[in-house]
Amino acid sequence: MRLLGQLIVTMMPVTPRFFVQWVAKRYVAGSDMDSAIRLMREMSEEGACFTVDVLGEEINSMDEAGFFIEEYSRLIDSIAENELDANISIKPTAFGLLIEPESALENIERLLRKAAEHDMFVRLDMEDHRVTESTIEVCQVMHDKGLTNIGVVLQGRLFRTLSDVSRVCDSTGEQTDFRICKGIYLEPENIAHTSYRGIVDATNDAIDAMLDSGAYTAIASHDDPVISHALASLRKRGMGPDVPDPRYHEEPLRSAGKGAGYEFQFLLGVRGDVRRKLSEKGHRTRVYVPYGTKWYEYSMRRLRENPEVAIHVTKALLMPWTNRR
Ligand code: FAD
């Protein structure tokens, strides 16, 4: 299967751009903010809430960070004006984390303060292993400044993740808010699980550790063995739809836009049928909505980073009944 994925990836540079755009339409809200707002308005009727990502990643000069600060600021205003149940997801390298970490911190703080004015949460997406530690540090520094409307993503595939769960919980306490996913980057085998089973088991262990720590846990996976494990783990802990979070907390937890201690998250365009079923059962379900002009670069990078994505995309196109938007 991986070979097929690699073959598709090799063909991508010679694939006509219009075809890539046609495929990407399923996974990207559009090239501008209005498309994202329109899409979220429509999807709100399905009981979904959202986290919005402005497409674009690692920048090459600090000047480029200005675009992301401006665009995300307008986005925060627009989400608030349209009274959407949405927050934002940002990539620290788009704010300069790999160029000038101090300036990146200032940029992120500015945005976080703006989001806090609207009681809005900000998720730091997790990128590859070069920035795992520094991304976690950004979150800790902001919490130390009293800005608690921020949380990180941890990747189940990394060996370090269980220890990161306890370290982050120790430093950000009861306001800890995680997204847990398998991790899209194919990391080297000295730092990460590389087999499917190893990644699933490690992700499930991380979900349990997060739930046991009392942290808010956003489960971001479309994979049945992860979703069923999460559902069983929630049941075991007396957590679920219409049940207030039964875990002991000294302080009142952030409630704006949040579920009862957990939520499920899906990428736009992926396994909408599973998401709608969870939502109908009363689970809080959030859709990750990317938009922006950089849809081509985004699609190509995702495919290069993990050729298995190419297989999922091909299957979704050729066998649409297996994977509804
Ligand atoms: P898989 O086994 O990959 O997928 C299970 C099934 O879902 C597949 O069989 C297929 O039917 C379907 N599927 C999955 N992906 C696709 C696709 N692209 N197109 C069509 N069908 C698909 N990773 C990071 O490294 N950092 C992050 O910050 C991050 N944030 C994320 C946020 C959200 C909301 C989600 C859902 C994922 C995020 N990821 C992130 C990606 C994640 O780490 C995985 O790479 C991705 O979700 C695929 O793993 P899976 O658990 O869905 O299982």
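At what angle do helix 8 and helix 9 pack, and how far apart are their axes? The model is predicted, with local features needing pLDDT of at least 70 and side-chain atom pairs counting only at pLDDT 80 or more, while totals for chains, interfaces and linings use all residues. Residues are numbered from 1 along each chain as its sequence is written, and side-chain values use heavy atoms, without hydrogens and water.

Helix 8 (residues 196–213) and helix 9 (residues 224–236) pack at about 25°, with axes 10 Å apart. Helices here are DSSP runs of H or I, at least four residues, numbered from the N terminus. Axes are lines fitted to C-alpha atoms over the stretch in contact, and angles run from 0 to 180 degrees between N-to-C directions. The two helices are therefore roughly parallel, a term for angles under 35 degrees.

In helix 8, Tyr196, Val200, Thr203, Asn204, Ile207, Asp208 and Leu211 meet Pro225, Val226, His229, Ala230, Ser233 and Leu234 of helix 9; contact means heavy atoms within 4.5 Å. These residues divide into eight nonpolar, four polar and one charged, where Asp, Glu, Lys and Arg count as charged, Ala, Val, Leu, Ile, Met, Phe, Trp, Tyr, Cys and Pro as nonpolar, and the others, Gly among them, as polar.

One cavity of 30 Å³ or more is present, a cavity being a set of points on a 1 Å grid over the protein atoms alone where a 1.4 Å probe fits but cannot get out.

Note on methods
Parallel < 35°, antiparallel > 145°, perpendicular 65-115°, else oblique. 1 Å grid on protein atoms, 1.4 Å probe; cavity = no way out; pocket = protein on both sides within 12 Å on 5 of 7 lines; lining within 4 Å. Points joined across faces, edges and corners; volume = space filled by probe spheres on them.
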